[in-house]
Amino acid sequence: MSSQTTESLEVVVDRPEELYELLNEAEALLRQAAMAHGSAGIRVTRHDPARYTFELSDTVPFGETWEQTGW
């Protein structure tokens with residue numbers, strides 16, 4: 001997993017068996033940043049089966065995580 005900022009993370013999965021662990025870890029990190037932000041939710045974009053972007057978004061209600069595909 002590579003981090004751009006505390007408000008955005010990119011997850012690249014090299015081994016399929018690590019998918020859920022990496023996604024859960026990224027969401028937990030962003031959840032901490034969302035708590036500090038106080039008004040943003042988390043948007044997860046699936047670019048392909050091995051690449052995901054997590055970001056804080058004011059268009060997602062605080063405390064929620066929304067998923068979308070970028071294909």
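A pocket is an open set of grid points with protein on both sides within 12 Å along at least five of seven lines, and its lining residues have an atom within 4 Å of a point. In this predicted model, the largest pocket is lined by 13 residues.

**The largest pocket**

- The space in the largest pocket amounts to about 230 Å³.
- Of the 13 residues in the lining, those nearest the centre of the pocket are Leu-23, Val-44, Tyr-52, Phe-54 and Glu-67.
- At least two lining residues come from each of H1, E3, E4 and strand E5 (65-69).
- H1 provides the largest share of the lining, with 5 residues.

**Helix H1**

- The buried residues in H1 are Leu-19, Leu-22, Leu-23, Ala-26, Leu-30, Ala-33 and Ala-34.
- Viewed down the axis of H1, the buried residues fall within an arc of 110°, and they therefore line one face of the helix.
- The exposed residues Tyr-20, Glu-21, Gln-32, Met-35 and Ala-36 are on the other side of H1.
- Strand E2 (8-12), strand E3 (41-48) and strand E4 (51-57) are the elements against which the buried residues of H1 pack.

**Ala-33, on the helix**

- Ala-33 belongs to helix H1 and has a relative accessibility of 17%, so it counts as buried under the 20% limit.
- Leaving aside residues up to four places away in sequence, Ala-33 touches Thr-6 and Leu-56.
- Ala-33 and Ser-8 are separated by 25 residues in sequence, and their C-alpha atoms are 9.4 Å apart in space.

**Tyr-52, in strand E4**

- Tyr-52 is located in strand E4 and is among the residues nearest the centre of the largest pocket.
- With a relative accessibility of 8%, Tyr-52 counts as buried.
- Residues up to four places away in sequence aside, Tyr-52 touches Leu-9, Glu-10, Val-11, Val-13, Leu-19, Leu-23, Val-44, Thr-45, Arg-46 and His-47.
- Two of these partners, Leu-19 and Leu-23, are also buried residues of H1.
- A polar atom of the Tyr-52 side chain lies 3.5 Å from the backbone oxygen of Pro-49.
- Tyr-52 and Glu-17 are 35 residues apart along the chain, and a distance of 15 Å separates their C-alpha atoms.

**Thr-45, in strand E3**

- Thr-45 is part of strand E3, and its relative accessibility of 6% places it among buried residues.
- The side chains of Thr-45 and Gln-68 make a polar contact at 3.0 Å.
- When residues up to four places away in sequence are not counted, Thr-45 touches Arg-51, Tyr-52, Thr-53, Gln-68, Thr-69 and Gly-70.

**Glu-10, in strand E2**

- Glu-10 lies in strand E2 and is buried, with a relative accessible area of 18%.
- A polar contact of 2.8 Å joins the side chain of Glu-10 to the side chain of Arg-51.
- Glu-10 is also one of the residues that Tyr-52 touches, while Arg-51 is one of those that Thr-45 touches.

Notes: Residues numbered from 1 in each chain as written. Predicted model: local features only at pLDDT ≥ 70, side-chain atom pairs only at ≥ 80, totals over all residues. Heavy atoms only, no water. Buried < 20%, exposed > 50% of the residue type's maximum accessible area, 1.4 Å probe, protein only. Helix = DSSP H or I, 4+ residues; strand = E, 2+ residues; numbered from the N terminus. Arc of directions from axis to C-beta. Contact = heavy atoms within 4.5 Å. Polar contact = N/O pair within 3.5 Å; in protein donor to acceptor, adjacent residues only side chain to side chain. 1 Å grid on protein atoms, 1.4 Å probe; cavity = no way out; pocket = protein on both sides within 12 Å on 5 of 7 lines; lining within 4 Å. Points joined across faces, edges and corners; volume = space filled by probe spheres on them.
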